[in-house]
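Biologist: Could you take me through some local features of this model? I would like the terms settled as we go.

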Amino acid sequence: MKIYGIDFTSAPSKTKVITCVESFLETDILHIEKFYRFTDFLSFMDFLQRSPSWIAGVDFPLGQPRKLIENLRWGETWAEYVALIGQMTKQEFVETLNQYRQGRANGDREHLRQTDRLTGAISPMKIYGVPVGKMFFEGAPRMLKAGFSILPCHPTNDSRIVIEIYPALIARSIIGKQSYKSDNKQKQTSEMQFLRQEIINQVRSPISQIEYGFIVEVNQQLDGECVSDPSGDTIDAVLAAIQAAQASRQVNCGIPETCDRLEGWICA
């Protein structure tokens, strides 16, 4: 099966790209084959629509908290509220969330989904700092419009399957909460490069058979790209592919039947 690991950005450009790892799972080996880098959404979506069958792990929230959706009366299904948001401009979406937060008590301004609480992820409403809310705005409506099967929010008969993952969980299991990446050149250090090397060494080691259920095969050139990319986008795309491959081997990608399909689920 072809497996994509996708490190996403809400504003792709020549300096901040969408990074995609193409891999395939063969028995007990995940072969990391090549990297693709996209500077705009059009080329990214064209790429995804070329192949008829795959599973992609994306590192942006596919859904919003039920509390937000119900309070704003955005709709009763994932497809309904995502289509509604897809008709907004980014500025309209940002202003809607800004206005929603005004006047709300501390601790009740950015809600968490059930899956965020379980994995330690930040709120998908966040539009400053790490702007995962903007990533949702740019990503989810495009996935819906393309007709992909979005699990568990909007399953279809399409053989191109999109799931939400969280690469940081693998990184934390190896190096704890130490920082291994930064988009700010002034904050990029040799220590971060060492940590990226440690992460890639661990995922390539025999212990991956125990941790993930398969060996991760990365050649020397791709290994070097993971370590030398100070933004961490390249290594995060590899971690996303690992999580997507793990999910692909489980019933319903390991998503519990009791999950809230309005909010979505992080497969990790």
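Modeller: Contact here means heavy atoms within 4.5 Å. This is a predicted model, in which local features need pLDDT of at least 70 and side-chain atom pairs count only at pLDDT 80 or more, while totals for chains, interfaces and linings use all residues. Residues are numbered from 1 along each chain as its sequence is written, and side-chain values use heavy atoms, with hydrogens and water left out.

Biologist: Which residues is arginine 101 in contact with, leaving aside neighbours within four places in sequence?

Modeller: Arginine 101 is in contact with Arg109, Glu110, Met125, Ile127 and Tyr128.

Biologist: Where does arginine 101 lie, and is arginine 101 buried or exposed?

Modeller: Arginine 101 lies in helix H4, residues 90-101. Helices (H or I, at least four residues) and strands (E, at least two) are DSSP runs, numbered from the N terminus. The relative accessible area of arginine 101 is 13%, so the residue counts as buried (buried is under 20%, exposed over 50%, partly exposed in between, with a 1.4 Å probe and protein chains only).

Biologist: Changing topic, how do the axes of H8 and H10 cross?

Modeller: The axes of helix H8 (residues 190-204) and helix H10 (residues 220-228) come within 8 Å and cross at roughly 140°. Axes are lines fitted to C-alpha atoms, for helices over the stretch in contact, and angles run from 0 to 180 degrees between N-to-C directions.

Biologist: Which residues make that contact?

Modeller: H8 contributes Gln193, Arg196, Gln197, Ile200 and Arg204, and H10 contributes Asp223, Cys226, Val227 and Ser228. They divide into 3 nonpolar, 3 polar and 3 charged. Ala, Val, Leu, Ile, Met, Phe, Trp, Tyr, Cys and Pro count as nonpolar, Asp, Glu, Lys and Arg as charged, and the others, Gly among them, as polar.

Biologist: What about the loop between E5 and E6?

Modeller: Proline 152 is in that loop, and a cis peptide bond, with omega about 0°, joins leucine 151 to proline 152. Serine 159 also lies between strand E5 (149-150) and strand E6 (160-164). Serine 159 is partly exposed, at 38% relative accessible area. Not counting residues up to four places away in sequence, serine 159 touches Pro52, Ser53 and Trp54.

Biologist: And what is phi for asparagine 252 and cysteine 253?

Modeller: Asparagine 252 has a positive phi near 50°, and cysteine 253 one of about 55°; neither residue is a glycine. Asparagine 252 is partly exposed at 31% relative accessibility, whereas cysteine 253 is buried at 9%.
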